[in-house]
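Visitor: Could you take me through the aromatic rings of this protein, and then through the parts around them?

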Amino acid sequence: MNHFSFWGGLCLLLFTVLNSSLAILNTPANRLMFDDWENGAHRSECIRCAVVGNGGILNGSRKGKEIDEHDYVFRVNGAALTGFENDVGSRTSFYTFSTNTMRNSMRSYARVGYRGPPISKETRYIFLPDHDRDYILMKAASTHTAIDQGPERSKNPPTYFGEDVTVEKFKIYHPDFIRYLRNRFLHSNLLKTGARRIYRPSTGAVMLLAAIHTCDQVDAYGFMTPDYTLYSDHYYDKQRRAVRFFANHDMRMEMRLWQELHNAGLINLFMRQ
Ligand SMILES: *[C@@H]1O[C@H](CO)[C@@H](O)[C@H](O)[C@H]1NC(C)=O
């Protein structure tokens, strides 16, 4: 199953792919996470972020309004919004994904109305690079050119991010940042096993930790809590189903980290009990 993307594959990336893709991001907007903060688009004194995972705990939560009232709203992967606004809100300032997880979400959650990344004026797209696919898609999308190789091969420029998306809307996590998160925050016991080669923090974990490193205040919603067996896997599931675990992530370790950060006052984690 290609969910198990091969982290080590980055080392094999052709230098030219990396170089030509990253050169595109060399604009002032791509230097900062909050590139619109300075122009006073927001009026609060500190940067308040809502970071929204896709957990079933959000079903019936009625947190949508509260989420949308933050300066920035972060979302991830199969973040279906239509019909779920009361519980999860409707704004998306930052959408975090890898090309692989986005395509998987489009396949798996089309049934619940997930058609692709949210598109709005404020939305920025943050790639979590785990494959040369990510650099290739980012370049093609921002330059409006077709992709002539790999699984996203297309005759026309990719339209996942809207027809007239600009380069200012794209960001990409530095692979060293992901390594730092893995080593300092989520150094799982899986690293001592055969799963070492595929293990990495989940996309949601990278999103939440990136927010913790950049926002002044982080309110996290829809992340796994110790009572997770009481909720469906996702808030948009049509039928209740148990949380699924994958061999390339350590979701229980992530859950314990969110509890620690919450108890230390570093995040405010939405819990129902
Ligand atoms: C979501 O909540 C509603 C109301 O409590 C419930 O009927 C429904 O089964 C829940 N959905 C899932 C997938 O658990």
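Guide: Let's start with Tyr 180, which counts as partly exposed because its relative accessibility is 32%. Here buried means under 20% relative accessible area, exposed means over 50%, and partly exposed lies in between, using a 1.4 Å probe and protein chains only. Phe 185 is partly exposed too, at 24%.

A word on what you are looking at: this is a predicted model, where local features need pLDDT of at least 70 and side-chain atom pairs count only at pLDDT 80 or more, while totals for chains, interfaces and linings use all residues. Residues are numbered from 1 along each chain as its sequence is written, and side-chain values use heavy atoms, leaving out hydrogens and water.

Now the rings. The structure holds 23 aromatic pairs. In Tyr 180 and Phe 185 the ring centres are 5.8 Å apart and the planes stand at 85 degrees, so this pair is edge-to-face. Rings of Phe, Tyr and Trp (its six-membered ring) pair if their centres lie within 6.5 Å; planes under 30 degrees apart are stacked, over 60 edge-to-face, and the rest tilted. Elsewhere, ring pairs link Tyr 95, Phe 97, Tyr 125, Phe 127, Tyr 160, Phe 161 and Phe 170 into a cluster.

Some of those names come back in the largest nonpolar core, which has 40 residues; Phe 127, Phe 161 and Phe 170 are among those with the most contacts inside it, including also Tyr 235. Such a core is a set of buried Ala, Val, Leu, Ile, Met, Phe, Trp, Tyr and Cys residues joined through side-chain atoms within 4.5 Å. Helix H5 gives the most to this core, six residues. Helices (H or I, at least four residues) and strands (E, at least two) are DSSP runs numbered from the N terminus.

Tyr 235 is in contact (heavy atoms within 4.5 Å) with residues including Leu 58, Phe 84 and Val 88, leaving aside its neighbours within four places in sequence.

Finally, the sheet. Seven strands form an open sheet with parallel pairing, in the order S5-S4-S3-S2-S1-S6-S7; two strands pair if DSSP finds at least two bridges between them. S5 (170-172) and S7 (268-269) stand at the edges with a single partner strand each, so one side of each has no neighbour in the sheet. Helix H5 (residues 132-143) packs on the sheet, touching S4 (124-127) and S5, and its direction makes about 165 degrees with that of S5. Those angles run from 0 to 180 degrees between N-to-C directions, with axes fitted to C-alpha atoms, for helices over the stretch in contact.
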